Amino acid sequence: MKGDEKLGRFMSMVLRHKPESIGIVLDEYGYADVKQLLKAMKEHGKYIDMATLERIVAENDKKRYSFNKDHTKIRASQGHSISVDLQLEQKIPPKVLYHGTAERFLESIQKKGLLKMSRQYVHLSKDIQTAVKVGQRHGKAVVLNVDAEKMVKDGFCFYLSDNGVWLCEKVPCQYFSIEL
Ligand code: HQG
């Protein structure tokens, strides 16, 4: 794994799940103070300077992190398990969205619906390919087709993260079918 990728993964862990693991605190919107983050990462053996951080944010394959306007604060754009307010606006999604999962989760999903599990939201994508990749992280990939249009009609809310991931609270069983 390349250096930037390693640092990026570490940052995801800190900014989405465990800021306390390096002794930093996020504000209510999920932002860490950039100076504090750099210092704390260095103190925990992850050497990083501002230029490297700027490069990681700009070049990350999924645009996982975003700065505030003057680059004094940084946060993860989605994927949190800790409770933060991403100030996301409700948005109307495409008619169909996709969720990638693994075969081994299907039985439970078909019984209980798609749940957010340890994260703040259920994660959905507008294309099948992304869903396949997400599913493969957990095992043999299965892609679910989510009838987002029907969900909106029935009053469900959707949000779009800064990096293009569609988010919702849950997807009950009547709204999805197996795509592949
Ligand atoms: C499954 C990555 C049993 C769900 C990706 C998933 C994404 C259930 C797993 C982002 C269930 C949770 C999130 C139920 C859902 N019973 N299993 N009722 N309901 N599940 O990692 O969506 O690369 O928390 O299908 O690209 O896989 O890190 O969520 O398989 O955008 O930036 O429980 O993480 O982004 O797994 O991935 P996760 P996810 P990054």
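User: Is N163 buried or exposed?

Analyst: Start with the cut-offs: buried means under 20% relative accessible area, exposed means over 50%, and partly exposed lies in between (1.4 Å probe, protein chains only). N163 has 16% relative accessibility, so N163 counts as buried. Keep in mind that this is a predicted model, where local features need pLDDT of at least 70, side-chain atom pairs count only at pLDDT 80 or more, and totals for chains, interfaces and linings use all residues. Residues are numbered from 1 along each chain as its sequence is written, and side-chain values use heavy atoms, with hydrogens and water left out.

User: Where is N163 found?

Analyst: Helices (H or I, at least four residues) and strands (E, at least two) are DSSP runs, numbered from the N terminus. N163 sits in the loop between β7 (159-160) and β8 (166-168).

User: Which residues is N163 in contact with?

Analyst: Contact means heavy atoms within 4.5 Å. Leave aside the neighbours within four places in sequence, and N163 contacts K62, K63, R64, S77 and Q78. Take S77: it is 86 residues from N163 along the chain, and their C-alpha atoms are separated by 6.3 Å.

User: K63 is on that list. What is the phi of K63?

Analyst: Phi of K63 is near 50 degrees, a positive value in a residue other than glycine. K63 lies in the loop between α3 and β2. Its relative accessibility is 45%, so K63 counts as partly exposed.

User: Which residue is found in the loop between α4 (106-112) and β5 (122-124)?

Analyst: M117 is in that loop. M117 also has a positive phi, about 50 degrees, although it is not a glycine. M117 is exposed, with a relative accessible area of 70%.

User: Back to the loop between α3 and β2. What about D61 there?

Analyst: D61 is found in that loop. D61 is exposed, at 63% relative accessible area. D61 and E5 are 56 residues apart in sequence and 9.5 Å apart in space, C-alpha to C-alpha.

User: Now a helix. Where is M50, and what does M50 contact?

Analyst: M50 is found in helix α3. M50 is partly exposed, with a relative accessible area of 29%. Leaving aside neighbours within four places in sequence, M50 is in contact with V34, L38, F67 and H71. L38 is 12 residues from M50 in sequence, and the C-alpha atoms are 7.5 Å apart.

User: How many Å should helix α1 span?

Analyst: The expected span is 1.5 Å times one less than the number of residues. Helix α1 has 15 residues (3-17), so it should span 21 Å; its end C-alpha atoms are 21 Å apart, which agrees.

User: Which residues of α1 are buried, and what covers them?

Analyst: The buried ones are L7, G8, F10, M11, S12, V14, L15 and R16. Their cover includes β1 (32-33), α2 (34-43), α3 (50-59), β2 (65-67) and β3 (73-76).

User: Is V171 buried or exposed?

Analyst: V171 is buried, with a relative accessible area of 0%. V171 lies in the loop between β8 and β9 (176-178). Beyond neighbours within four places in sequence, V171 contacts G113, L114, V122, V146, M151 and F176. V171 and A148 are 23 residues apart along the chain, with C-alpha atoms separated by 9.1 Å.

User: How many helices and strands are in the chain, and how compact is it?

Analyst: The chain has 6 helices and 9 strands. Its radius of gyration is 17 Å, close to the 16 Å that the globule rule gives for 180 residues, so the chain is as compact as a globular protein of that length. The radius is taken over C-alpha atoms, and the globule rule is 2.2 Å times the number of residues to the power 0.38. The C-alpha atoms fill a box of roughly 50 × 30 × 25 Å along the principal axes.

User: What percentage of the chain's residues is buried?

Analyst: Buried residues make up 43% of the 180 residues. Among contacts between residues at least 6 apart in sequence, 70% join residues at least 24 apart.
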